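The sequence and the structure are shown first.

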Amino acid sequence: MKTNNQRPTLQFFGGAGTVTGSKYLIRANGSQILLDAGLFQGLKELRLRNWSQPPFEPSKIDAVVLSHAHIDHSGYLPLLVKNHFRGNIFCTSGTSDLLGVMLPDSAHLQEEEAAAANKHGYSKHKPALPLYSTEDVATTLKQVKSFPYGQFFPVSHEIKAIFRRAGHILGSASVELEIGWEDIVRLVFSGDLGRWNQSILRDPEVVPEADILLVESTYGDRIHSKDAIEQVTRIIHEAIKKGGALIIPAFAVGRTQELVWILRKLEDEGKIPSLPVYIDSPMAIKVSDIYCQHPEDHNLDMKMLMDENKCPLCCKQYYLARTPEESKRINNIQGPVIIISASGMATGGRVLHHLKMRLPDSRTTVLLAGFQAAGSRGRSLQEGAKTIRIYGQDVPVKAKIEVLDGLSAHGDKEDILRWLSGFKKAPRQTYIVHGETKSAGHLAQTIKTELGWDAKVAVDGECVDLSFGHLPSINF
């Protein structure tokens with residue numbers, strides 16, 4: 001390696017001991033790059049970290065390499081730019097297109113929330129301000145550079161990278177970094193791993209080797225239910241009997257498309273009647289179009305429908321609410337109806353209006369179709385809360401709450417172990433990241449027991465010497 005007496009190091013500034021806020025800083029002979037730049041979500045003490053001074057100097061970061069576009073991996077980018085980061089943001093083509101939708105939406109939601117807080121006076125800050133603006137996002141998007149899967153590209157003068165499919169959402173990737181030019185250190189980050197044999201996306205790709213491995217553990221302590229479609233069928237029929245609305249808080253990227261695919265399949269097979277399906281998320285509508293524009297990520301079934309000029313991401317009675325007026329008109333819809341709206345953990349977005357209106361109605365069913373982070377409204381509903389706070393008001397929960405286990409875009413313990421089995425030899429050190437304490441600890445022990453690897457749960461703030469092992473936490 002080139003020498004300026006700086007050994008390569010890795011430091012965890014998020015996504016360690018928690019399932020959100022992924023940020024991993026690599027320093028190597030004068031270069032500084034961030035692997036992911038995610039916002040913290042969920043618990044208030046985590047969200048407050050978004051407002052804190054960054055634990056590094058954004059202006060000294062040479063580049064950011066993104067695993068995928070979800071906000072807990074990409075939503076901090078405009079803050080970096082706001083704080084004078086001027087380097088490139090590297091990602092796949094699919095991720096680049098999704099960032100063009102997701103980051104403006106993130107800024108818009110923050111601006112809306114700040115405006116509402118100022119209007120109704122429920123913020124402690126006078127005035128309430130957004131984390132970043134749509135102008136910050138516009139600047140950020142100019143710094144995005146995309147590369148295809150399977151092609152090495154230079155990140156800095158000391159580091160190059162390659163993306164491999166992770167199968168989680170469109171454009172999602174596992175990232176391999178080659179650090180140095182002589183004594184190369186290979187650092188691999190799994191990104192968020194998907195599942196095998198899914199309806200829309202291709203399978204995760206194996207990685208042959210790594211010196212240092214970061215592996216996600218969102219569902220590292222459990223096995224997904226194998227009957228997700230049967231669960232959806234049952235829940236829909238029970239919602240029809242109740243005569244009310246089925247509200248599905250859904251991530252605009254990945255989850256909405258998967259749900260629509262399943263509804264279409266069930267309709268085509270005659271397992272459910274055709275119901276009005278409202279997609280109340282401008283971002284989800286745009287994302288569905290983007291999904292259709294990226295055949296490099298499609299599996300065979302998706303490709304076949306596209307080749308037959310059939311829309312693979314729509315239902316028989318399919319309504320798109322693009323404007324606020326169209327969204328408000330859904331409030332007048334009675335009887336069995338399916339409303340799919342963001343956000344997936346009910347932390348913001350249009351779904352809050354539907355929940356506020358329909359949670360007090362015992363005929364309503366709410367289907368939680370994905371991971372609900374600690375501190376989110378979705379987690380509160382999942383844990384049986386009798387009221388949840390929406391726009392400064394306590395809303396009674398009389399609706400039936402259903403939790404769908406088997407539809408996650410994250411792989412479970414078996415999927416993670418299947419991906420790990422692709423390595424030709426054990427990494428020198430494996431760090432468990434992007435998981436809550438229980439799931440991360442369980443996966444670390446499983447890897448030790450079943451694979452015989454040296455595995456440990458990453459610690460927030462911990463600094464790792466990539467050449468010689470472990471260093472204590474360092475403040476910069």
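The expected span of a helix is taken as 1.5 Å times one less than its number of residues. Helices (H or I, at least four residues) and strands (E, at least two) are DSSP runs, numbered from the N terminus. The model is predicted: local features need pLDDT of at least 70, side-chain atom pairs count only at pLDDT 80 or more, and totals for chains, interfaces and linings use all residues. Residues are numbered from 1 along each chain as its sequence is written, and side-chain values use heavy atoms, with hydrogens and water left out.

## Helix α14

Helix α14 (residues 437-451) has 15 residues and, at 1.5 Å a residue, should span 21 Å; its end C-alpha atoms lie 21 Å apart, in agreement with that value. Burial is judged by relative accessible area (buried under 20%, exposed over 50%, partly exposed in between; 1.4 Å probe, protein chains only). In α14 the buried residues are S439, A440, L443, A444, T446 and I447. They lie on the same side of α14, because they cover an arc of only 165 degrees around the axis; the arc is that of the directions from the helix axis to the C-beta atoms. The face turned away from this buried side carries the exposed residues T437, K438 and T449. With contact meaning heavy atoms within 4.5 Å, the cover over the buried residues of α14 includes β11 (212-216), α13 (413-420), β20 (429-433) and β21 (455-457). After α14 comes G452, which has a positive phi near 75 degrees.

Two strands pair if DSSP finds at least two bridges between them. An open sheet is formed by six strands in the order β14-β13-β15-β12-β16-β19, with parallel pairing. At its edges stand β14 (318-320) and β19 (400-403), each with a single partner strand, so one side of each has no neighbour in the sheet. Neighbouring strands are turned by 20 degrees against each other on average, direction ignored. Axes are lines fitted to C-alpha atoms, for helices over the stretch in contact, and angles run from 0 to 180 degrees between N-to-C directions.

Helix α6 (residues 228-242) lies across β12 (245-249), β15, β16 (365-368) and β19, and runs at about 170 degrees to β19. Helix α7 (residues 255-268) also packs on the sheet, where it touches β12, β13, β14 and β15; its direction makes about 155 degrees with that of β15.

| Strands | Sense | Bridges | Opposite residues |
|---|---|---|---|
| β13 (277-280) and β15 (337-341) | parallel | four | D280 and S341 |
| β17 (387-390) and β18 (393-396) | antiparallel | four | R389 and D394 |

The hairpin of β17 and β18 has two residues between its strands, and Y391 in the turn has a positive phi of about 50 degrees.

## The whole chain

The protein chain contains 14 helices and 23 strands. A compact globule of 476 residues would have a radius of gyration near 23 Å, and the 22 Å of the chain agrees with this; the radius is taken over C-alpha atoms, and the globule rule is 2.2 Å times the number of residues to the power 0.38. The C-alpha trace spans about 70 × 50 × 40 Å along its principal axes. Buried residues make up 58% of the 476 residues. Of the contacts with a separation of 6 or more, 74% are between residues 24 or more positions apart.
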